[in-house]
Amino acid sequence: MNKLQWLVISLATLLFLFLYFGVDRKPREQAKVERARTLNASSTNVLVLLKEAKEKMSPAQINTVASLDQMVKEAPYDSTKIQYLKQLSGKWFEYNNAPLAGHYAEQIADLLKTPEAWSIAGTTYSIALQRAKEEKIKSYSSERAVKAYENAISLQPDNLDHKLNLALVNADYPPKDNPMKGILMLLDLNKKNPDNVPVLTNIGRLGIKTGQFDKAVQRLQKAVNLEPENKRANCLLAEAYSGLGNVKEKTVYERRCQELSARN
C-alpha cells in the first residue's frame, strides 16, 4: 500500500471520528441536557408551589396531605394509587389551591389515559388560572391546562368541548408570541359550529371584555334565540346592551337574567 492510499485512509478515519464525536454526539448530549432542564424546571415549579402552600397551612392540613402522599407512594396497584390521588386533588381544592389540585388530577390522567381524565385536569388548571393573581401561577396553570386539553383532544378529536376549553385558555391567557390565538380558535369553532351556544356565548363574553359591544350583541342575541332559557347568555346580553348604551334592551335582559337566576 503506497503513501497516497495510507493518506486517504487516514483522512477518511479522521473524518469519521469528527462526524461521530464532533457532530452526532454533541447534539445528542445537548438534547439530553435540554430534556433534563425541562424536567427539572417542571419539578422545581411544583416543589416551589408545594413549599409555598405548606407555609400557609395548619399542621393538621400538612399532615393530611403528607399522609395521602405517602399512601400514593406505597400503593401496590394503579387503581389504589388513583383513589389516593383523587383524595389528594380534592384536599388541595378544599384548601383553595387549585394549581396543586390540578397537579394531582394530571397524575391521575397520566395513569388513566382517558379524555375524561385529561379534561378534568384541564378544567382544574383552568379554575386555577381564573383565580390566580400572581403571574407565575397564571403562567404555570395555563401551560398545564393547554397540555391537558391537547391530550384530551388527541384521544377524542371530535369532542367540541375539549376544543372550546383549549381555545378559552388561550383567549384568557394569550401566548406572548401569538396574542390572537385563542380568539382565532373560537372564531374557527364558530365558523364550523355556527349554532353552538357555548361557543357563541364565549365569543360574546370576550367581545364585552374587549369593548366590541356590537359584535357581542350579535353573537349573544343568536345564543338567546337558540336557547331562550340560557341564563349566562341573557345576563351577558344585558351587559352588552349596556355597553352600547341601549337602556331599553339592557333592562329587558337584565330582568330576564334576574328571573333565570332566581330559578337556580
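A residue counts as buried under 20% relative accessible area, as exposed over 50%, and as partly exposed in between (1.4 Å probe, protein chains only). By this criterion, 36% of the 264 residues of the protein are buried. The model is a predicted one, in which local features need pLDDT of at least 70 and side-chain atom pairs count only at pLDDT 80 or more, while totals for chains, interfaces and linings use all residues. Residues are numbered from 1 along each chain as its sequence is written, and side-chain values use heavy atoms, with hydrogens and water left out.

The secondary structure consists of 12 helices and zero strands. Helices (H or I, at least four residues) and strands (E, at least two) are DSSP runs, numbered from the N terminus. Along the sequence the pattern reads α-α-α-α-α-α-α-α-α-α-α-α. A contact requires heavy atoms within 4.5 Å. Of the contacts with a separation of 6 or more, 50% join residues 24 or more positions apart.

Packed helix pairs are considered next. Two packed helices are described by the angle between their axes and the distance between the axes. Axes are lines fitted to C-alpha atoms, for helices over the stretch in contact, and angles run from 0 to 180 degrees between N-to-C directions. Angles under 35 degrees count as roughly parallel, over 145 as roughly antiparallel, 65 to 115 as roughly perpendicular, and the rest as oblique. A crossing is left-handed if the near helix is turned anticlockwise from the far one by less than a right angle, and right-handed if clockwise.

Helix α4 (residues 98-112) packs against helix α5 (residues 115-131) at about 165°, with the axes 8 Å apart. The two are therefore roughly antiparallel. Their crossing is left-handed. On the α4 side, the contact includes Ala98, Pro99, His103 and Glu106. On the α5 side, Trp118, Tyr125 and Arg131 are among the residues involved. The residues of the contact of α4 with α5 comprise 12 nonpolar, three polar and three charged. Here Ala, Val, Leu, Ile, Met, Phe, Trp, Tyr, Cys and Pro count as nonpolar, Asp, Glu, Lys and Arg as charged, and the others, Gly among them, as polar.

Helix α4 also packs against helix α6 (residues 135-155), at an angle of about 25° and with the axes 11 Å apart. This makes α4 roughly parallel to α6. The crossing of α4 and α6 is left-handed. Pro99, His103 and Glu106 of α4 meet Ile137, Tyr140, Ser141, Arg144 and Lys147 of α6. Three of the contact residues are nonpolar, two polar and three charged.

Asn97 lies in the loop between α3 (78-94) and α4. With 17% relative accessibility, Asn97 is buried. A polar atom of the Asn97 side chain lies 3.2 Å from the backbone nitrogen of Leu100. Neighbours within four places in sequence aside, Asn97 contacts Ala53 and Trp92.

A further pair is formed by helix α9 (residues 197-209) and helix α11 (residues 231-244). Their axes come within 10 Å and cross at roughly 25°. α9 and α11 are therefore roughly parallel. The crossing is left-handed. Thr201, Asn202, Arg205 and Ile208 of α9 touch Arg232, Ala233, Leu236, Glu239 and Ala240 of α11. By class, the contact of α9 with α11 has four nonpolar, two polar and three charged residues.

Helix α11 also holds Asn234. At 1% relative accessibility, Asn234 is buried. Beyond neighbours within four places in sequence, its contacts are Val224, Pro228, Glu229, Tyr253, Arg256, Cys257 and Leu260.

Notes:
A polar contact is a pair of N or O atoms within 3.5 Å; within protein, one must be able to donate a hydrogen and the other to accept it, and residues adjacent in sequence count only if both atoms are side-chain atoms.
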